[in-house]
Amino acid sequence: MPALNLYDTATRSVSQFTPIKPGEVSIYVCGATVQASPHIGHVRSGINFDILRRWLIKSGYQVTFIRNVTDIDDKILDKASHEDVPWWVLTMKYEREFSAAYAGLNVMPPTYEPRATGHITQMIELMQILIDNGSAYAPGNGDVYLEVRKLKRYLTLSGQRIDDLLTAADLDAATSQKRDPRDFALWKAAKPGEPSWPTPWGAGRPGWHLECSAMAHAYLGERFDIHGGGLDLIFPHHENEIAQSEAAGFGFAQRWMHNAWVTQSGEKMSKSLGNSLLVEKILQRVRPIELRWYLGCAHYRSMLEYSEQALDESAIAFRRIEGFLKRAAELLGKTPEALISDAFAVAMNDDLAVPAGLATIAENLRLGNQGITDADLAAISKNASQIRGALEILGCDPFDSNFAGSTSDDLTQLMDGVIKLSLAERAAARDRKDFAASDAIRDGLAALGITIEDTAQGPRWSITEKS
Ligand SMILES: [Zn+2]
């Protein structure tokens with residue numbers, strides 16, 4: 001395996017990735033809090049880490065990939081009470097929407113996808129360890145806190161100083177049972193009317209951070225290779241995950257990777273703005289494969305400034321690549337293989353440098369189109385295969401049957417056969433000067449969204465692009 005170099009948020013540098021167990025990679029990525037419909041900022045994270053996973057698999061690693069579902073927290077309870085539905089009705093609805101969005105965008109399902117509320121036992125076990133070793137305390141009101149002053153290290157990921165941590169939380173320190181205002185809740189005492197689970201320290205529900213430490217431990221063990229999530233999770237969420245896990249004696253994540261945001265006018269998408277950028281809405285404008293291409297094309301550590309114009313231009317660029325691949329398949333009489341070019345591998349091994357990878361695709365496209373002009377089947381085959389290999393890593397392979405609306409290889413061949421049969425009927429009708437019949441066939445195909453183009457090699461069909 002050639003060396004893979006990845007950025008580590010903890011060291012703020014790119015370094016060679018070496019897994020704990022040779023040949024295997026364990027990844028934990030913080031998933032969604034399921035309290036609203038997914039917008040493109042949410043799925044960008046899913047796509048970025050899916051590209052990492054696909055590249056690791058292609059590089060020969062066996063990958064265990066965990067992405068959790070946060071199905072209990074303040075926002076969920078607020079919204080459920082506002083909508084007057086039980087919290088689990090709300091979370092199931094949005095969890096399904098997230099799953100559908102990921103699947104529609106060809107994000108591979110996680111190896112395991114644990115829900116917070118399914119792992120209360122593991123959270124209680126972790127709290128017991130932390131209380132037994134003196135890292136955490138239960139003041140007796142049902143809350144449990146981690147005592148941050150006792151940590152060997154804290155805030156290393158965000159590079160903050162503990163004394164600078166003066167937040168809104170300090171203001172209610174007087175009314176809480178915290179020993180220090182910077183201590184954070186592992187567990188929150190039950191409030192009237194809220195869901196709760198019994199623990200040795202009183203009934204309550206988990207603080208947000210505890211679930212990820214408990215579930216990473218349950219599925220990946222005390223130490224694992226890569227922890228991922230959005231940039232906004234570095235503090236407090238990931239700092240507090242590290243604090244809990246290290247205080248319990250776990251080695252925890254060996255490397256931290258964070259994807260940047262989708263921005264609008266340079267700002268992280270807010271919820272109100274985000275509503276116009278719901279995945280469902282954007283998919284009325286472009287196909288899923290085109291949205292995936294758009295979101296996956298930027299480097300995962302670069303902000304992606306959203307605009308309709310950029311989305312449209314990206315979709316047009318993708319259609320050019322897709323058009324070449326389909327034309328190549330016709331000329332070759334088979335779907336091109338998926339091969340990784342050396343240049344694309346170099347780009348991906350350099351901290352998943354997708355923009356550099358795109359330059360290799362552009363060069364393949366240029367040479368492949370030249371091959372079509374020159375009727376050079378070897379050049380067409382080589383370049384089409386290398387493009388397909390790269391698109392597979394980006395999750396944008398037009399021959400991938402996971403894209404609903406895209407056509408799978410078998411289906412394309414079947415359609416090709418059926419359409420050619422119609423075209424032969426049309427040609428026969430013309431030969432016998434039965435223009436009514438030949439027009440009826442052409443119009444029938446047009447009504448189905450099939451465009452016929454007469455070329456020197458005979459008629460070609462394609463699916464009419466929606467304007
Ligand atoms: Zn998390």
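## Helix 12 and its surroundings

In this predicted model, the buried residues of helix 12 pack against strand 1 (5–8), helix 1, helix 13 (354–373) and helix 14. Helix 12 covers residues 342–349, and its buried residues are Phe344, Ala345, Ala347, Met348 and Asn349. Just after helix 12, Asp351 has a positive phi of about 55°.

Helix 14, one of the elements that the buried residues of helix 12 pack against, spans residues 377–394 and contains Arg388. The relative accessibility of Arg388 is 15%, so Arg388 counts as buried, the cut-off being under 20%. Apart from its neighbours within four places in sequence, Arg388 is in contact with Leu325, Thr335, Pro336, Glu337, Ala338, Asp397 and Phe399.

## Zinc site

The zinc ion has four donor atoms. They are SG of Cys30, SG of Cys212, NE2 of His237 and OE of Glu241, at 2.0 to 2.4 Å. Along the sequence, the spacing of the donor residues is C-x181-C-x24-H-x3-E. Cys30 is in the loop between strand 3 (24–29) and helix 1 (40–58), while Glu241 is in helix 7 (residues 234–247), so this pair ties together parts 211 residues apart in sequence. Both Cys30 and Glu241 are buried.

Why is the arrangement of the four donor atoms around the zinc ion irregular? The angles they subtend run from 75 to 129°; a tetrahedral assignment would require all angles to lie between 85 and 135 degrees. For reference, the ideal angle for four tetrahedral donors is 109.5 degrees.

## Helix 1 against helix 10

Helix 1 also packs with helix 10 (residues 288–297), at an angle of about 75° and with the axes 9 Å apart. Helix 1 is therefore roughly perpendicular to helix 10, a class that takes in angles of 65 to 115 degrees.

On the helix 1 side, the contact is made by Ile40, Val43, Arg44, Ile47, Asn48, Asp50, Ile51 and Arg54. Helix 10 contributes Leu291, Arg292, Leu295 and Gly296. The residues of this contact between helix 1 and helix 10 comprise six nonpolar, two polar and four charged. In general, residues three or four places apart in an α-helix point the same way, because there are 3.6 residues a turn.

## Helix 4 against helix 6

Helix 4 (residues 120–132) packs with helix 6 (residues 210–220) at an angle of about 100°, and their axes are 9 Å apart. These two helices are therefore roughly perpendicular to each other.

From helix 4, the contact involves Gln122, Met123, Leu126 and Met127; from helix 6, it involves Leu210, Glu211, Ser213, Ala214 and Ala218. By class, the residues in the contact of helix 4 with helix 6 are six nonpolar, two polar and one charged.

## Pro109

Pro109 belongs to the loop between helix 3 (87–104) and helix 4. Its relative accessible area is 62%, so Pro109 is exposed. Pro109 and Phe399 are 290 residues apart along the chain, and their C-alpha atoms are separated by 19 Å. Phe399 is also one of the contacts of Arg388.

## Overall figures

The protein has 16 helices and 15 strands. Its C-alpha trace spans about 95 × 50 × 40 Å along the principal axes. Of the 467 residues in the protein, 49% are buried. Among contacts with a separation of 6 or more, 75% are between residues 24 or more positions apart.

Definitions and conventions: Residues numbered from 1 in each chain as written. Predicted model: local features only at pLDDT ≥ 70, side-chain atom pairs only at ≥ 80, totals over all residues. Heavy atoms only, no water. Axes fitted to C-alpha atoms, helices over the stretch in contact; angles between N-to-C directions. Helix = DSSP H or I, 4+ residues; strand = E, 2+ residues; numbered from the N terminus. Parallel < 35°, antiparallel > 145°, perpendicular 65-115°, else oblique. Contact = heavy atoms within 4.5 Å. Nonpolar A, V, L, I, M, F, W, Y, C, P; charged D, E, K, R; others polar. Donors = N, O, S within 2.8 Å, 3.2 Å for Na, K, Ca; no water. Tetrahedral: all angles 85-135°; square planar, octahedral: opposite > 155°, others 65-115°. Buried < 20%, exposed > 50% of the residue type's maximum accessible area, 1.4 Å probe, protein only.
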